[in-house]
Amino acid sequence: MATLSTLHSSLQKILITVTTIFLLSSSLPSASAITPFKKIYAFGDSFTDTGNTGSLSGPTGFVHVSNPPYGTTFFHHPTNRYSDGRLVIDFVAQSLSLPFLPPYRKSKGNTTYGVNFAVAGSTAINHAFFVKNNLSLDITPESIQTQLIWFDKYLESQGCKGPESGPECKEALDDALFWIGEIGVNDYAYTLGSTVSDDTIRKLAICSFTEFLQSLLKKGAKYVVVQALPTTGCLPLAMSLAPSDDRDDIGCVKSVNNQSYTHNLVLQAKLSDLRQQFPKAVIVYADYWNAYRTVMKNPEKYGFKESFKACCGTGDPYNFDVFNTCGTPSVTACSNPSEYINWDGVHLTEAMYKVVAGMFLNGNLSNPPFKSLLERKQQKP
């Protein structure tokens, strides 16, 4: 029969073993924490571009993205992102436990976890349209079609030359999240003051963008997130150009916000059609317009003290001068970008991108919710 001391010793060993197992198991990621995606493919404009565009190739007016203080908050040096730090797509990658996406032009073959094809200044409408209408001066030539061409070249580099090419295509597409950043703002901006109407731009942009999405879905994209246009009338650029009596209920440029709102209504209708055409795909609408508007209605709730002024810029009343933008030697940035919504007059601060990303990923501003997309992916073998 075991002695009391022997029994006590045995109980101690059991307790230590159980405790050790508990600690080890608690340090492992839970099933919900394990990312269901192996890679991300991103598309869009400067709000999503992680480095495809540098100072020499960027849109005129914002040709200093390779200079400080761009990148100062998180990376502590310029990364050719149009912000002081991370963008929405960076927070998406982090939330899925994936590394930041390399820009296609500088990926150097390291595309294990995906690629970013977004280009600053990019349009939804093909560049030829702007050339035809004498609107091509100082405009970035890349469009969403350019990004699709790059994606096709990338797939070919992976040995995938079509949906029937075998395991190479399956490997490249099956476990991928397609994140389509906002695209179309530049189309309207480039035709400002011209005889080309908003209706024409909207029809052409939506048509071109729909064809782009159809192409991705036909290739085999199954999980797609499409960002709407934000409330672009709240950007210092728009505020500085519009007359003071053109304002809406949140103090932004009414005509410009209406432009984006109408564009988004048509976009949502097209996404609904695509869901019927491709029932096996999950197509999520990320409501950038309402995300931005929600913050503007109650900025203090999200830690912002300045809603309209740019953090990095110069001039009154919005700290923005289109001829003397962020990155030029004479322009300095605010001391605390996290208190500002806007970074350089057009693009947002890391703090704002983080809030918006949270609304998309964890909030109720994605339709269907991003969580349901993750659940759908986890259910698939």
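A disulfide here is a pair of cysteine sulfur atoms within 2.5 Å. Okay, with that in hand, let's look at the cysteines.

Quick housekeeping. This is a predicted model, where local features need pLDDT of at least 70 and side-chain atom pairs count only at pLDDT 80 or more, while totals for chains, interfaces and linings use all residues. Residues are numbered from 1 along each chain as its sequence is written, and side-chain values use heavy atoms, with hydrogens and water left out.

So, how many disulfides does a search of the whole structure find? It finds 4. Counting bonded cysteines along the chain, the pattern is 1-2, 3-4, 5-8, 6-7.

Start with cysteine 160 and cysteine 169, whose sulfur atoms sit 2.0 Å apart. The torsion about their S-S bond is about 100°, so this disulfide is right-handed. Both cysteine 160 and cysteine 169 are buried (buried is under 20% relative accessible area, exposed is over 50%, partly exposed is in between, using a 1.4 Å probe and protein chains only).

Next, cysteine 312 is joined to cysteine 326, S to S 2.1 Å. This pair links distant parts of the chain, 14 residues apart, with cysteine 312 and cysteine 326 both in the loop between strand 6 (306-310) and strand 7 (340-342). Strands are DSSP runs of E, at least two residues, and helices are runs of H or I, at least four, numbered from the N terminus. Is cysteine 312 buried or exposed? Cysteine 312 counts as buried because its relative accessibility is 0%, and cysteine 326 is buried too, at 1%.

Last one: cysteine 207 is at 41% relative accessibility, so it counts as partly exposed.
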